[in-house]
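Please look over the model shown below before reading on. The briefing that follows goes through its helices, its core and its charged pairs.

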Amino acid sequence: ANMLRNNRQHFAVVDFDATAYVIVVTLEAIVHELLMNEPTMGKERILDTITEVLLTYLLPMSSAPGKS
């Protein structure tokens with residue numbers, strides 16, 4: 001949460017504590033799933049999607065991947 005708070009000018013979110021919690025819990029669940037079950041679509045594809053989802057969530061609309 002402090003990293004988000006200290007760099008708030010780069011992020012679209014305003015509740016840094018809740019955002020940090022959601023990101024950590026979500027990533028832990030995804031990593032756990034990847035370790036327990038080999039995905040049929042490949043880990044690299046999933047990691048790319050995780051990155052896109054997080055950046056889309058965190059960044060302002062004009063800065064998110066694929067947004068103009």
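Predicted model: local features only at pLDDT ≥ 70, side-chain atom pairs only at ≥ 80, totals over all residues.

**Overall figures**

- Of the 68 residues in the protein, 21% are buried; buried means under 20% relative accessible area, exposed over 50%, and partly exposed in between, with a 1.4 Å probe and protein chains only.
- The accessible surface of the protein is about 5,100 Å², and 60% of that surface belongs to carbon and sulfur atoms, the areas coming from the Shrake-Rupley method with a 1.4 Å probe, where for residues only the protein chains shown count as cover.
- Among the contacts with a separation of 6 or more, 41% are accounted for by residues 24 or more positions apart, a contact being heavy atoms within 4.5 Å.

**Helix H2**

- H2 has 21 residues and reaches 30 Å from its first C-alpha to its last, close to the 30 Å expected at 1.5 Å a residue; the expected span of a helix is 1.5 Å times one less than its number of residues.
- The buried residues in H2 are Phe16, Thr19, Ala20, Ile23 and Leu34. Seen down the axis of H2, these buried residues fall within an arc of 95°, so they line one face of the helix, the arc being that of the directions from the helix axis to the C-beta atoms.
- The face of H2 that is turned away from its buried side carries Tyr21, Glu28 and Met36, which are exposed.
- Cover for the buried residues of H2 includes H1 and H3.

**Helix H3**

- H3, made up of residues 43–58, has 16 residues and reaches 22 Å from its first C-alpha to its last, close to the 22 Å expected at 1.5 Å a residue.
- Ile46, Ile50 and Leu58 are the buried residues of H3. Viewed down the axis of H3, they fall within an arc of 90°, so they line one face of the helix.
- Glu44 and Arg45 are exposed on the other side of H3, while what covers its buried residues includes helix H1 (2–6) and helix H2 (16–36).
- An α-helix has 3.6 residues a turn, so residues three or four places apart point the same way.

**Nonpolar core and its contacts**

- The largest nonpolar core has 8 residues in all, namely Leu4, Phe11, Val13, Phe16, Ala20, Ile23, Leu58 and Leu59; such a core is a set of buried Ala, Val, Leu, Ile, Met, Phe, Trp, Tyr and Cys residues joined through side-chain atoms within 4.5 Å. H2 gives the most to this core, with 3 residues.
- Not counting residues up to four places away in sequence, Phe16 touches Ala1, Leu4, Arg5 and Arg8.
- Ile23, found in helix H2, is buried with a relative accessible area of 16%, and, with residues up to four places away in sequence not counted, Ile23 touches Leu54 and Leu58. The C-alpha atoms of Ile23 and Leu58, which are 35 residues apart along the chain, are separated by 9.9 Å.
- Leu54, found in helix H3, counts as partly exposed at 22% relative accessibility; leaving aside its neighbours within four places in sequence, Leu54 is in contact with Ile23 and Leu27.

**Salt bridges**

- The structure holds 2 salt bridges, a salt bridge being a side-chain nitrogen of Lys or Arg within 4 Å of a carboxyl oxygen of Asp or Glu.
- Arg5 forms a salt bridge with Asp17, with the closest N and O atoms 3.0 Å apart. Arg5 lies in helix H1 and Asp17 in helix H2, so the pair ties together parts that are 12 residues apart in sequence.
- Arg5 is partly exposed at 25% relative accessibility, and Asp17 is partly exposed with a relative accessible area of 48%.
- Glu38 forms a salt bridge with Lys43, with the closest N and O atoms 3.8 Å apart; Glu38 is exposed, with a relative accessible area of 58%, whereas Lys43 counts as partly exposed at 35% relative accessibility.

Notes
Residues numbered from 1 in each chain as written. Heavy atoms only, no water. Helix = DSSP H or I, 4+ residues; strand = E, 2+ residues; numbered from the N terminus.
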